[in-house]
Amino acid sequence: MKKIYEEFKAENPEYLVTSAIGAGPWQYHYYNLYDSAKYHDYINMMSYDMQTGSTSSFQNALFFKSGACLTQCSVDTSVELYNSVGVKNSQIIVGVPFYGRVFSETDGLTKSCSGNFAIKQSAIVEYLKGGFKETYDEDCQVPYLYNSATRQFVTFENSRSVNRKWKYISDNGLAGMMCWNYTQDYQDKLTQAMYSGKSEHMK
């Protein structure tokens, strides 16, 4: 990272040196961030896919709640993990998913399931027309869907949760927001919500 950083900055000081690293407790400690953080302009913290395969849980929680999230699997707890190895808030870009995850054969949030798979936002819109009830979890600050007839639970992002993440970013001096990925948005609703926020570090 030192060599990459110095080579790029020598070529053009405006070039940005960044990495994309998973949120939660699994990836960050493999990157020797104690030493390499200073050779990053930003780190794109991929704060999605933080769910378990055996329990209906949130893949993208802003705040941790036992049972609804895997241990240390939220934006807030992930920021703490990154801070613990020397990454500054001003370097952290929070990732949001422009897709959802469907948990099958489950009785709802925190209940056992048979596995999960990803779906686009357009499919979530169809689910809303087809008997799924939408709920917003005030503790984790993310929405979810559930259909008791099909026994399916869906964790996803909406404009409200994106806006709430922007408030967290602003309140805590984080660098900004990114997504995975634009092609999975529906009618640009999440994109518009993402563009509506601003960080003090954005030029």
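Predicted model: local features only at pLDDT ≥ 70, side-chain atom pairs only at ≥ 80, totals over all residues.
Which backbone nitrogen does the side chain of S74 reach?

**Entry 1: S74**

I started with where S74 sits: in the loop between β2 (42-46) and α3 (75-84). Next I followed its side chain, which reaches the backbone nitrogen of F64 at 3.5 Å.

Then I asked myself: is S74 buried or exposed? S74 comes out at 0% relative accessibility. Buried means under 20%, so S74 counts as buried.

I also looked up who touches S74, skipping its neighbours within four places in sequence. I found M50, A61, L62, F63 and F64 in contact with S74.

**Entry 2: the sheet**

On to the strands. I noted that strands of a sheet pair through backbone hydrogen bonds, either parallel or antiparallel. Here I traced five strands forming an open sheet, in the order β5-β4-β8-β7-β6, with antiparallel pairing.

Why is one side of β5 and of β6 left without a neighbour in the sheet? Because β5 (116-120) and β6 (133-137) stand at the edges, and each has a single partner strand. I jotted down the twist too: it averages 25 degrees from one strand to the next.

I picked one pair to look at in detail. Strand β7 (residues 142-147) and strand β8 (residues 152-155) pair in the antiparallel sense over four bridges. For Y146, I found that the bridge partner in β8 is F153.

**Entry 3: the helix across the sheet**

Last stop was helix α4 (residues 121-129). I saw that α4 lies across β4 (99-103), β5, β6, β7 and β8. Helix α4 runs at about 95 degrees to β5.

Note on methods. Residues numbered from 1 in each chain as written. Heavy atoms only, no water. Pairing = 2+ DSSP bridges. Helix = DSSP H or I, 4+ residues; strand = E, 2+ residues; numbered from the N terminus. Axes fitted to C-alpha atoms, helices over the stretch in contact; angles between N-to-C directions. Contact = heavy atoms within 4.5 Å. Buried < 20%, exposed > 50% of the residue type's maximum accessible area, 1.4 Å probe, protein only. Polar contact = N/O pair within 3.5 Å; in protein donor to acceptor, adjacent residues only side chain to side chain.
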